[in-house]
2 protein chains.
Amino acid sequence: MVSPMEHTTTDEDRDGQSPSEDVAAQPDLDAELAKVEDRWRRAVADLDNLRKRYVRELERERAAERSRVAAAWLPVVDNLERAIAHTGDRSDAIVEGVRSILDEGLQVLERLGYPRDEESGVPFDPQRHEVVGLVAHADEAPGTVVEVRRPGYGRGADQLRPASVVVSRPKE
Amino acid sequence: MVSPMEHTTTDEDRDGQSPSEDVAAQPDLDAELAKVEDRWRRAVADLDNLRKRYVRELERERAAERSRVAAAWLPVVDNLERAIAHTGDRSDAIVEGVRSILDEGLQVLERLGYPRDEESGVPFDPQRHEVVGLVAHADEAPGTVVEVRRPGYGRGADQLRPASVVVSRPKE
């Protein structure tokens, strides 16, 4: 090694003030300082980005867990509905009880952010509808939901499942 | 400011080799470098701690959301149970249907990590039991769960609610 010295100059020095005999070696320490400052700034920026990313990720993970757990209950709700459908127009204490339990389940879904979607007479929308049948229909415009076979729950990004629908066939 | 110069020496310089005329000002840049290095190291350590904390937080938030959403369904499960209890020993299609829907709900809770707790004949445990009654009991040791009025769900940190129980009274 020719010289172990690592002196550095500041801008003031370079602007003409008393350059010392080790001026050639001084840029090294300046460069080192700039390098470490750069590393520090990048670490601080990373920290900031990571915090922001975590806030978004936490909300996304919460929503995913909410949707996973809520979806696990859909078979229970569907079966309550099926049990009621099977009773026809019979009405006694247990049928009334099951009806009110179904209502309660639908309210739970709604409060969690997954309102029921069983609207018919609306235009087919691939975001909320899954076509399970096409029928010729005299009164409805083509591409209209004419029957909801199974209701959907939730909308947009918060959808547990789309509604299964029958749609009026395009005119020939 | 007497001198705008901020020259700094390295260890090699201080070890006796050709100190320059600005040796008095050099510790400033050394100190500055040490300060920035320290900041950088702290930012890197913060980054590391943030990552570790986030992993723990993520799991905690997921568990909290799971428990919040699952707990919202407990009234539905309780009401299914009540509806069945009201039918006495009647058995027809809808009663059988409701029984199997209740079973389905209990399986959902179990799969989510909240098994049903309706064990009687066990010693009272404040972690899993909430006392709703005390009775004199000839056959059971004092402090034994002699009746479960309302089942609990989950255990330990993953408890949705404790079981409501009647406990045998301490002997007088």
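User: How many bridges join β3(A) to strand β5 of chain A, and which way do the two run?
Analyst: This is a predicted model, to begin with. In it, 4 bridges join β3(A) to β5 (residues 163-168) of chain A, and the two strands run antiparallel.

User: Which residue is the bridge partner of A:V148 in β5(A)?
Analyst: A:V165 is the bridge partner of A:V148.

User: And what is the strand order in the open sheet?
Analyst: The order is β2-β5-β3 in chain A, an open sheet of 3 strands with mixed pairing. The edge strands are β2 (129-135) and β3 (145-150) of chain A, each of which pairs on one side only. From one strand to the next, the twist averages 30°.

User: What holds paired strands together in general?
Analyst: Strands of a sheet pair through backbone hydrogen bonds, and the pairing is either parallel or antiparallel.

User: Switching to rings. How many aromatic pairs are there over all chains?
Analyst: The count is 2 aromatic pairs over all chains.

User: Take A:Y54 and B:Y54. Why is that pair called stacked?
Analyst: The ring centres of A:Y54 and B:Y54 are 3.5 Å apart and their planes are at 5°. Planes under 30 degrees apart count as stacked, so this pair does.

User: Where do the two tyrosines sit?
Analyst: The pair crosses between chains: A:Y54 is in helix α2 (residues 26-71) of chain A, and B:Y54 is in helix α2 (residues 27-71) of chain B.

User: Buried or exposed, A:Y54 and B:Y54?
Analyst: A:Y54 is buried, at 8% relative accessibility. B:Y54 is buried too, with a relative accessible area of 7%. The cut-off for buried is under 20%.

User: What about A:W73 and B:W73, what is their geometry?
Analyst: A:W73 and B:W73 form a stacked aromatic pair, 5.1 Å centre to centre with 0° between the planes. This pair also crosses between chains, from the loop between α2 and α3 (74-86) of chain A, which holds A:W73, to the loop between α2 and α3 (74-86) of chain B, which holds B:W73.

User: Are those tryptophans buried or exposed, A:W73 and B:W73?
Analyst: A:W73 counts as buried at 0% relative accessibility. B:W73 is buried as well, with a relative accessible area of 1%.

User: Last topic, charges over rings. Which ring does A:R39 lie over, and which does B:R39 lie over?
Analyst: A:R39 lies over the face of B:W40, 5.0 Å from the ring centre. B:R39 lies over the face of A:W40, at 4.9 Å from the ring centre.

Conventions:
Residues numbered from 1 in each chain as written. Chains lettered and ligands numbered in written order. Predicted model: local features only at pLDDT ≥ 70, side-chain atom pairs only at ≥ 80, totals over all residues. Heavy atoms only, no water. Pairing = 2+ DSSP bridges. Axes fitted to C-alpha atoms, helices over the stretch in contact; angles between N-to-C directions. Phe/Tyr/Trp six-rings, centres within 6.5 Å; stacked < 30°, edge-to-face > 60°. Buried < 20%, exposed > 50% of the residue type's maximum accessible area, 1.4 Å probe, protein only. Lys NZ or Arg CZ within 6 Å of the ring centre and 35° of its normal.
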